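Visitor: I have a structure to go through with you. Can we take it piece by piece?

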Amino acid sequence: MKTIITAVIAAVTLAGCLPMALFAGAGDPYRNYKQHLGVYVAHDRVNTFCLTPKLRLAIWEFEGHFGKRIVMNSGFRDPFYNGSVNGAENSYHMKCMAADFFIPGVPKNQLIAFARRLDVVGGLGCYPGQRFIHIDVRDRPAGRRGPITFGGC
């Protein structure tokens, strides 16, 4: 009897949530992305396990500034995967120090402008025709005020 009462209570409770569940996420820009270790990822090949604390800090800076979560397009890459995507031979992705990402609803030019102002960003790639930017947390050369830029920046 106790099991039946529990089942009825659960059914009534869940039935009350059904209308909300039908429309949940209808306007959610993250509904098509999974999370991996607390980071939204654009596809299943994104590895967010190996990100240095300095890179995580940079990501949090973007999320805090724009008030939205990033969606990572590329994180850590092992040498085989890095070669398969034509990554640089000494890519900072292989050192857990780089991320390619975008923020839904935030124009790419705003991400680029913010990255240029962040002291923690050592490298910035902009990739024309892509929705994401690349940041890495390499040390900047002595006296350099902004990140080293490449990829159309």
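Visitor: What covers the buried residues of H4?
Guide: The cover includes helix H2 (53–66), strand E4 (98–102), strand E5 (123–125) and strand E6 (133–136). This is a predicted model, in which local features need pLDDT of at least 70, side-chain atom pairs count only at pLDDT 80 or more, and totals for chains, interfaces and linings use all residues. Residues are numbered from 1 along each chain as its sequence is written, and side-chain values use heavy atoms, with hydrogens and water left out. Helices (H or I, at least four residues) and strands (E, at least two) are DSSP runs, numbered from the N terminus.

Visitor: Which residues of H4 are buried?
Guide: Leu111, Ile112, Phe114 and Ala115, in a helix that spans residues 108–117. Seen down the axis of H4, they fall within an arc of 165 degrees, so they line one face of the helix. The arc is that of the directions from the helix axis to the C-beta atoms. Buried means under 20% relative accessible area, exposed over 50%, and partly exposed in between (1.4 Å probe, protein chains only).

Visitor: And which exposed residues are on the face turned away?
Guide: Asn109 and Arg117.

Visitor: Back to H2. At what angle do the axes of H2 and H4 cross?
Guide: At roughly 125 degrees, and the axes come within 11 Å. Axes are lines fitted to C-alpha atoms, for helices over the stretch in contact, and angles run from 0 to 180 degrees between N-to-C directions.

Visitor: Which residues make that contact?
Guide: From H2, Glu61, Phe62, His65 and Phe66; from H4, Gln110, Leu111, Phe114, Ala115 and Arg117. Contact means heavy atoms within 4.5 Å. The residues divide into five nonpolar, two polar and two charged. Here Ala, Val, Leu, Ile, Met, Phe, Trp, Tyr, Cys and Pro count as nonpolar, Asp, Glu, Lys and Arg as charged, and the others, Gly among them, as polar.

Visitor: New topic. What is the phi of Asn86?
Guide: Positive, about 60 degrees, although Asn86 is not a glycine. Most residues other than glycine have a negative phi. Asn86 sits in the loop between helix H3 (79–84) and E4.

Visitor: Buried or exposed, that Asn86?
Guide: Exposed, with a relative accessible area of 71%. Cys96 also lies in the loop between H3 and E4, and has a positive phi of about 65 degrees. Cys96 counts as buried, at 10% relative accessibility.

Visitor: How many helices and strands does the chain have?
Guide: Four helices and seven strands. From the N terminus on, they run α-β-β-α-β-α-β-α-β-β-β.

Visitor: What share of the chain is buried?
Guide: Buried residues make up 37% of the 153 residues.
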